[in-house]
Amino acid sequence: MTTTAPAADSSVLGLAHYAARGVLEHFLARHGLTFQQQITLRAAVTADAPWTPDGLVARVRDDLKADPADVRAALGVLLERRLLVADGAHLRPTEAGRGLIAAVRAESAPVTARIWGGIPAEDLAAAGRVLALVTERADAELAALTA
């Protein structure tokens with residue numbers, strides 16, 4: 001049986017997001033980490049320069065459209081678990097934090113490769129362009145709604 005691929009819309013995008021997130025959360029659960037904690041830790045690990053707590057909260061809030069109180073709670077857990085540490089006015093990932101991000105990436109890599117494998121590069125490029133535009137437009141609409 002041949003099925004026609006649905007046109008991309010918010011529903012299709014949401015289903016793809018939650019399917020991929022479900023896979024990631026399977027690996028995060030092995031380490032006692034939530035999705036929001038992982039996003040927060042990954043932002044710190046991959047940053048070019050250390051974040052202030054407020055800067056990191058703002059970054060994750062903007063990325064996830066999350067309540068700042070929830071992001072602060074996630075940050076508190078990361079500090080409590082010593083995956084991040086305060087260094088003066090900034091936060092730095094610890095070796096344990098870097099190691100945790102690397103471990104999750106390594107554990108999930110074979111599944112990620114199966115999910116993304118075989119998709120032509122031009123399709124991935126087109127999807128990337130469309131998703132970037134949707135993100136830009138949705139961010140602008142959200143800013144207007146909350147102004």
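Predicted model: local features only at pLDDT ≥ 70, side-chain atom pairs only at ≥ 80, totals over all residues.
**Entry 1, the core.** I began with the largest nonpolar core, which has 23 residues, and I noted that Leu41, Leu56 and Leu84 touch the most other members. Helices 1, 2, 3, 4 and 5 each supply at least two residues of this core, and helix 2 gives the most, with six residues. I then looked up Leu84 and, leaving aside residues up to four places away in sequence, I found contacts that include Leu41, Leu56, Leu75 and Pro93. I recall that in soluble globular proteins nonpolar side chains tend to be buried together.

On the surface I found a nonpolar patch formed by Leu13, Val130, Leu131 and Val134, with about 300 Å² of accessible area together. Helix 6 gives the most to the patch, with three residues. Leu131 is found in helix 6, and I noted this residue as partly exposed because its relative accessibility is 40%, which lies between the limits of 20% and 50%.

I noted that the structure holds seven salt bridges, and I looked up some of them. In one of them, the side chains of Asp54 and Arg72 meet at 2.8 Å, N to O; Asp54 lies in helix 3 and Arg72 in helix 4, so the pair ties together parts that are 18 residues apart in sequence. Asp139 forms a salt bridge with Lys65, and their closest N and O atoms are 2.8 Å apart. This pair links distant parts of the chain, with Asp139 in helix 6 and Lys65 in the loop between helix 3 and helix 4, 74 residues apart.

Notes: Residues numbered from 1 in each chain as written. Heavy atoms only, no water. Core = buried A, V, L, I, M, F, W, Y, C linked by side-chain atoms within 4.5 Å. Buried < 20%, exposed > 50% of the residue type's maximum accessible area, 1.4 Å probe, protein only. Helix = DSSP H or I, 4+ residues; strand = E, 2+ residues; numbered from the N terminus. Contact = heavy atoms within 4.5 Å. Patch = residues over 30% accessible without salt bridge, like charges linked within 9 Å, V, L, I, M, F, W, Y side chains within 5 Å. Areas by Shrake-Rupley, 256 points an atom, 1.4 Å probe, with all protein chains shown as cover. Salt bridge = Lys/Arg side-chain N within 4 Å of Asp/Glu carboxyl O.
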